[in-house]
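Please look over the sequence and the structure before reading on.

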Amino acid sequence: LNTQKAEFVRSAAGAKDFPRDLLPQIAFAGRSNVGKSSVINRLLNRKNFARVGAAPGKTTHINYFRIDEKIYLVDLPGYGYAKVSQTEKARWAGLIQSWFDDRSLMTLGVLIVDARHKPTGDDKIMSDYFKGTGRPFAVVANKLDKLKKSEIEPNLALIRETLELPDDVKVIPFSAEKGTGREELLGLILDHMGG
Ligand code: GDP
């Protein structure tokens, strides 16, 4: 997969905008500020492809990127930002619901959580959404560079436990900043490109 060949496709506000060709779709979800854009940029080894630090709460769209004309990266809008209005929250929920209702669209789900903390209630809800699709998914524990070495194992275990992950769901230690975990995540994506 030539990750240098990445293009923005579209920003979808509803089901009518979802691409429906047969390219595999790898979906990324995570709390606002968890580093979702940074993880995508690191994966593509680009600096400012997915926008880092985009204003939280202004993200009730699903952004589609096409990589090497072979797969879509689906950037689901971030959640859990406290200052978002009820109206925004309802729009977010409706959009996410309609995307997951169309579960055939997803080839692989990637839930990004913060390696430093116990996953939030919203993380659990999102993890359950992914689990409910019956499709493969993985958890990326980002910001690993902020942990002491001794904290890594217990934190990864806490993430697995809190999200009640089945054994076949990987938790990938990741640092968008340092590049840790990039090969593992890319490998997982390549494994699922067949559909
Ligand atoms: P998003 O809202 O989930 O897309 O998050 P961003 O990608 O915009 O990142 C939010 C903040 O976290 C930014 O200040 C990033 O520089 C920082 N960040 C993202 N990933 C990492 C990481 O792996 N390590 C550290 N130390 N900071 C990170």
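The shell around the ligand is made up of three nonpolar, ten polar and five charged residues. The model is a predicted one.

**Ligand surroundings**
- There are 18 residues around the ligand, and those that come nearest are G35, K36, S37, S38 and E177.
- Helix α1, which spans residues 36-44, gives the most to this shell, with three residues.

**Sheet**
- Seven strands form an open sheet with mixed pairing, in the order β1-β3-β4-β2-β5-β6-β7.
- Strands β1 (6-12) and β7 (171-173) are the edge strands, and each of them pairs on one side only.
- From one strand to the next, the twist averages 25°.
- Within the sheet, strand β5 (residues 108-114) pairs with strand β6 (residues 137-142) in the parallel sense, over six bridges.
- In this part of the sheet, G109 stands opposite F137 in β6.

**Residue L156**
- L156 lies in helix α4, which covers residues 149-162.
- Leaving aside residues up to four places away in sequence, L156 touches A141, V171 and P173.
- L156 and P136 are 20 residues apart in sequence, and their C-alpha atoms are 19 Å apart in space.

Notes. Residues numbered from 1 in each chain as written. Predicted model: local features only at pLDDT ≥ 70, side-chain atom pairs only at ≥ 80, totals over all residues. Helix = DSSP H or I, 4+ residues; strand = E, 2+ residues; numbered from the N terminus. Contact = placed C-beta atoms within 7 Å. Near = placed C-beta within 6 Å. Nonpolar A, V, L, I, M, F, W, Y, C, P; charged D, E, K, R; others polar. Pairing = 2+ DSSP bridges. Axes fitted to C-alpha atoms, helices over the stretch in contact; angles between N-to-C directions.
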